[in-house]
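Load the model in your viewer and keep the sequence panel open. The stops below go one selection at a time.

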Amino acid sequence: MGITRLSLAVALASALGLSAQTASSDELTVATFVPPQHHTNTVMFKWFGEELEKRSGGSLTMKLFPAGQLGAGPVQQYKRAVEGVADITFGVSAYTPVLFPKTMLAIPPGKATSSAEATKRILAVFDEHLADEYEDVKVIGLTTAAGIGIAATRDVSTLDGLKGAKIVPYAALTTPIIEAMGGVPVQMPVTEMYTGLSTGTIDGAYATYNNMTAPWNFWDVASHFVTNVPVQHAVIFVVMNRERYEGLSDAHRAIIDELSGEAASMKLAESFDGADARSLKIMGETSGKNYELVEVSAEERAKMDAAVAEGMKAIYADYAERGIDNAEEIYNAINQ
């Protein structure tokens, strides 16, 4: 009789334990607009999913929905996280600049010349200057795609060469900078730049080495890739629906916290800088492409930097008109 009761008690406890484990299992949906083979999926989100599963013993996992499966196009990615269309989304701040005016100040040229360096600078000022722009979500990570060059159909390595050239910047914010350098800013998503370069709609576009090779293949339509230009940065975010985050168990929230911030941000930077390094290697090993690598001279770079400074004055004035009086302070904090 005692053994029977004990067995029943053990069985009940086991059943309750199994039930509790099942109830605490969570699968997070991740929405991104880039294709499955994109480096952010194969590097950052691969790492993120593996860490979730490993640290939780399999009770916290993620499912990736690439190529706009949970909503087409990059523009609504932040909104999709806020509204819970996906638990986590990957997006570009410049597509919704009204939501991130202070974050956008990481886009203009400054001291950072790589994704990793820009990421460290953004994280260093996040709590003081940027956090209030993300109050509706849980921030997983922030980084940039560093526009270290200009893919062009003419030599734009001098201010004379830039004069009148139709250039696609990383954001409309930098319009005064392109104008100060003598160019004509043209807004165009990256998905249309190949055609723009091939048809002459644009003369050049800020780009990474990764844009030159597959899958973007700018090297088929650009005659020049100009380096040592003032680097622009496209700010990238990975954010989580706040209600979903707060509804997780304490243990699962702790795992998300451990992976968020510096860890996820630097993994994102690794994916962007790594893709650039691989593409640069491919460019060096590939023949038969009709483009020229051109480096801006120190003398011309000094002229470009002076133009950037002039353009920043116009940007600060625009911010002041919109009620943000400390734009220069934020920019300088990012670039100190």
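A polar contact here is a pair of N or O atoms within 3.5 Å; within protein, one must be able to donate a hydrogen and the other to accept it, and residues adjacent in sequence count only if both atoms are side-chain atoms. This is a predicted model, in which local features need pLDDT of at least 70 and side-chain atom pairs count only at pLDDT 80 or more, while totals for chains, interfaces and linings use all residues. Residues are numbered from 1 along each chain as its sequence is written, and side-chain values use heavy atoms, with hydrogens and water left out.

**Stop 1: His233**

Select His233 and show its side chain. The residue lies in strand E8; helices (H or I, at least four residues) and strands (E, at least two) are DSSP runs, numbered from the N terminus. Which side chain makes a polar contact with that of His233? It is the side chain of Thr144, at 3.0 Å.

Is His233 buried or exposed? With 2% relative accessibility, His233 counts as buried; the cut-offs are under 20% relative accessible area for buried, over 50% for exposed, and in between for partly exposed (1.4 Å probe, protein chains only). To see what surrounds His233, select its contacts (heavy atoms within 4.5 Å). Leaving aside neighbours within four places in sequence, they include Ala106, Ile107, Ser114, Ala118 and Tyr170.

**Stop 2: the whole chain**

Zoom out. The chain has 13 helices and 9 strands, and its C-alpha trace spans about 95 × 50 × 30 Å along the principal axes. Of the 336 residues in the chain, 51% are buried. Among contacts between residues at least 6 apart in sequence, 77% join residues at least 24 apart.

**Stop 3: the nonpolar cores**

A nonpolar core is a set of buried Ala, Val, Leu, Ile, Met, Phe, Trp, Tyr and Cys residues joined through side-chain atoms within 4.5 Å. In soluble globular proteins, nonpolar side chains tend to be buried together. Select Leu28, Phe48, Leu52, Tyr134 and Ile256: these have the most contacts inside the largest core, which has 76 residues. Strand E8 (residues 224-241) contributes 9 residues, the largest share of this core. A second, separate core has 21 residues, among them Ala146, Met193, Ile202 and Ala222.

Return to Leu28 and select its contacts. Not counting residues up to four places away in sequence, Leu28 touches residues including Leu52, Leu60, Met62, Ile88, Met240, Leu248 and Ile256. Arg244 is also one of the residues that Leu28 touches.

**Stop 4: salt bridges**

A salt bridge is a side-chain nitrogen of Lys or Arg within 4 Å of a carboxyl oxygen of Asp or Glu. By this rule the count comes to 19. Begin with Asp26 and Arg244, whose side chains meet in one (3.3 Å, N to O). Because Asp26 lies in strand E1 (residues 26-31) and Arg244 in helix H9 (residues 242-246), the pair ties together parts that are 218 residues apart in sequence. Asp26 is buried at 16% relative accessibility, whereas Arg244 is partly exposed at 24%.

Arg242 is partly exposed at 24% relative accessibility, and Glu246 is partly exposed at 46%.

Move to helix H4 (residues 115-130), where Glu117 and Arg121 are 4 residues apart, separated by about one helical turn. Their side chains meet in a salt bridge at 3.5 Å, N to O. Glu117 is partly exposed, with a relative accessible area of 25%, and Arg121 is buried, at 17%.

Next select Glu51, Lys54, Arg55 and Glu258, which are linked in a network of salt bridges.

**Stop 5**

Select helix H10 (residues 250-259), whose buried residues are His252, Ile255, Ile256 and Leu259. Viewed down the axis of H10, these fall within an arc of 100°, so they line one face of the helix; the arc is that of the directions from the helix axis to the C-beta atoms. Just after H10, Gly261 takes a positive phi of about 80°.

Finish with helix H11 (residues 262-285). Its 24 residues should span 34 Å at 1.5 Å a residue, and its end C-alpha atoms are 34 Å apart, which agrees; the expected span is 1.5 Å times one less than the number of residues. Buried residues in H11 include Ala264, Leu268, Phe272, Ala275 and Met283.
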